[in-house]
Structures are given as C-alpha cells and as structure tokens.
Amino acid sequence: MKVDLHNHTALCNHASGSMEEYIKEAIKQGIEVFGFSCHNPMNFDTQNRMSFDSLPFYLSEIERLQEKYRHQITIKKALEIDFLPDFIDERILKLDLDYRIGAVHFLGDWGFDNPAFLREYAKRDINLCWEQYFEATQKLAKSGLFDIIAHMDLLKVFNYRPTKDLRKTLEKTLKAIKKANIVVEINASGLRKQVQEQYPSREILELCLALEIPITFGSDAHAIEHIGYENVQIKDLAKSIGFSQCAVFTKRDREMVAIS
C-alpha cells in the first residue's frame, strides 16, 4: 500500500496550495492513504501554525474531501503537534483525529530547524544540543499523547551533527519509543533540505527494526510538488533494511499494511 501520512496545508502560513489540490495530486500519484497533519494551533510561534479560528474549516474540509473522493483515496484527519507541554491546549487533545504526530522543533524557545535562527548554532555546544533533542524526544514518547514521532533526527537539518558518540542516548530514546508503542515515520523532507538525507538516518532505522519499532511514511509536504516526494526512494530504503509493513491509523487504532 502506498501511504503518505504527514502533509500540511496553507493554514499553517508557510505552505501553499489548496487541500483539494493536494488530494488530486495524491490520487494522480497513486497514493492510497493520505493524511493531512497540519501544525497544531498553540499559543506559541503562532506565525508558523494554524490558528484556532482556522481549525473548524480544516476539520470540515477534510471531511468534505473524504466524502467527495471516497472511491479514489482514503483521507486521514490528523495534526502535527509540537511537544511543548506548557502550550499543548486541551482542546487539541479532545479532537476526534485518526492519529497525532508528535514533533520536537524547539529547544527551549529556539526553533532549530528555522533558517531565520540558523546563527544560533554558532553559539551552542552541538553535542549538548543533540543530548537535549533526544531527551525531549524521550519525554515526548513517555507523555503517551502521540501515535507517530515526526522526523526524529531533525536536528541534522543544516548538517550540524554530533562530534561524539551518542549511541547510548539514541538507544535510550528508541527504548522509550518502543515502550510507548508508537511509530517512527520515514520523512522525505530532509531530501529537500540542506542535509540531503531522509529523517531518520539509516542507522536509526536499523535500530528501529532490531527493536521491532514500526514505521510509516510522510512527505511532510508544504507544497503540491512535495506530495509523494521521493516516495520510491524511502520505500526502497525501508525494504532494504528489512521492513515489509508500515502503519496506518483510523481513530487512533493502528493497522499494519504491506509496503507496496
């Protein structure tokens, strides 16, 4: 099955194209299960996310498209939720979603994947940053709020990689993910970014397989041309590692389907 569960909309203020255009492109590419997972409303970094005022339209438009295209594609309703415990709104947690994607985009108030704050890397100890990133990911997993972890080595986006061996920290993080029974996505957006590599790395995916942590797939699309981006490449990578199935969700119930 061709699956793409991580996709945004223009409602987040840094994406383009209509939601219906995304669906038409997904159908054109033969995607069978497509998920909208726009950035959650939150009283933090409001310029880069959907507002609460836009949320009713987002949900109703997904439902309209589900009905209109029901014979051509399965459309899922989700959100990508920043793991910022002080800002996660209870209204979000009460929504009837197919799945929740949890993401770490911030270390404190630093949006480390935002090019506007790129200079901050020169002021920081990169190894400490990676430690903090993985610690935040562990807390995300332990929170019990999420079904999928987004782009779990996102900190490499500008090619700032650790200079010491952090395997023990990584293994601790993956064990927390395993214990929480959540899914790691293979996210193609890194192939469009400076790092020129999917998230997460092959090494992390090999450890996921060893721990029997399930995977899924996402384009992380912010434009129509991103839909299904390098889908064949990331599926072939998963198969070469040894994965034969990926996760899909309905009302937060997980089902494993064959990777086609």
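Strand β1 (residues 3–4) and strand β2 run parallel and are joined by 2 bridges, where strands are DSSP runs of E of at least two residues and helices are runs of H or I of at least four, numbered from the N terminus, and two strands pair if DSSP finds at least two bridges between them. Between β1 and β2 the chain passes through helix α1 (residues 19–28) in a right-handed β-α-β crossover, that is, clockwise from the first strand over the helix to the second with the strands pointing away from the viewer. The model is predicted, with local features needing pLDDT of at least 70 and side-chain atom pairs pLDDT 80 or more, while totals for chains, interfaces and linings use all residues. Residues are numbered from 1 along each chain as its sequence is written, and side-chain values use heavy atoms, without hydrogens and water.

In β2 (residues 33–39), 7 of 7 residues are buried, meaning under 20% relative accessible area with a 1.4 Å probe and protein chains only. β2 also pairs in the parallel sense with strand β3 (residues 74–82), and β2, helix α2 (residues 55–68) and β3 form a right-handed β-α-β unit.

| Strand pair | Bridges | Opposite residues |
|---|---|---|
| β1 and β2 | 2 bridges | D4 and F34 |
| β2 and β3 | 7 bridges | G35 and K76 |

Notes:
Buried < 20%, exposed > 50% of the residue type's maximum accessible area, 1.4 Å probe, protein only.
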